[in-house]
Amino acid sequence: DLAHGRILYLEGVNVSFDGFKAINDLSLDIAPGELRCIIGPNGAGKTTLMDIITGKTRPDSGTVYFGSTIDLLRHNEPGIASLGIGRKFQKPTVFEELTVFENLELALKTHKGVASSLFFRIDSAQSDRLAETLHTIHLAGSVARRAGDLSHGQKQWLEIGMLLMQDPKLLLLDEPVAGMTDEETARTAELFLRLKGRHSLMVVEHDMGFVRSIAQTVTVLCEGSVLAQGTLDQVQADERVIEVYLGR
Ligand code: ADP
């Protein structure tokens, strides 16, 4: 029971693309409620790591567990999403013509399945969750606004809100603050700190100021495996990490 007490557990994972090792004997684990940042140079394997967890890419070998009992390699991409793993890509994808409220409502319906959505009515528990989510994503004052009229940062928060409507156990986020203003970045940090504990988060990010403001533990990926792990100060002081970022 190696994965005991972990929300995510990877051990000895390998992925090759046409003989090129994108992921090389990668081992990594995340505790429930943890907010983990993944950093590393371009080509380090960060996107491939997310693809493995979500079932988009199947490893050649290794172990990938969700919780201590679920072998993710036995599930396909839609199956993994329904287990409670949500992913947010860099570009926001909200329904521009719908209001903030309608976007969240739609996310709730989609979660319930297409067949039941025809007769879907929000119950009071869901209504509470929707209201709470609006507050969490800083959009409580914008419920009736058309999503297309929101700022870039607000669209990103709305999309995170849509993922939250599905009550995920683990959220994977790819460069969430790219393109945000300094104020939006600071408010995103606040948002993530609210999510931590109730959800586990894996955040790939290049903005070190943002990483500093949210992360307890930072994992540095390089050439498909873990180069260093610790607090941001610890990994930034690591000779191997400096070498990778600054060149030799
Ligand atoms: P990162 O997200 O850290 O920039 P990626 O996971 O995108 O890194 O890529 C890791 C390495 O694998 C890179 O060298 C990339 O060119 C290669 N790679 C990723 N996906 C594919 C693919 N589908 N086919 C071939 N090579 C790929």
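This is a predicted model: local features need pLDDT of at least 70, side-chain atom pairs count only at pLDDT 80 or more; totals for chains, interfaces and linings use all residues.
Local features were required to have pLDDT of at least 70 and side-chain atom pairs pLDDT 80 or more, whereas totals for chains, interfaces and linings use all residues. Residues are numbered from 1 along each chain as its sequence is written.

An open sheet of 6 strands runs in the order β6-β7-β8-β3-β9-β10 with mixed pairing, where strands (E, at least two residues) and helices (H or I, at least four) are DSSP runs numbered from the N terminus and two strands pair if DSSP finds at least two bridges between them. Because β6 (85-88) and β10 (225-230) stand at the edges, each with a single partner strand, one side of each is left without a neighbour in the sheet. Strand β9 (residues 217-222) pairs with β10 in the antiparallel sense over 5 bridges.

The largest nonpolar core comprises 68 residues, of which Ile53 and Leu158 touch the most other members; such a core is a set of buried Ala, Val, Leu, Ile, Met, Phe, Trp, Tyr and Cys residues joined through C-beta atoms within 7 Å, buried meaning that 20 or more other C-beta atoms, placed from the backbone, lie within 10 Å of the residue's own. Helix α6 (residues 152-164) gives the most to this core, with 6 residues.

Around the ligand, the shell (C-beta atom, placed from the backbone, within 6 Å) includes Phe17, Asn42, Lys46 and Thr47. Both β2 (20-30) and α1 (46-53) supply at least two residues of this shell, and α1 gives the most, with 3 residues.

How values were computed
A residue is buried if 20 or more other C-beta atoms lie within 10 Å of its own, exposed if 12 or fewer, and partly exposed in between; C-beta atoms are placed from the backbone.
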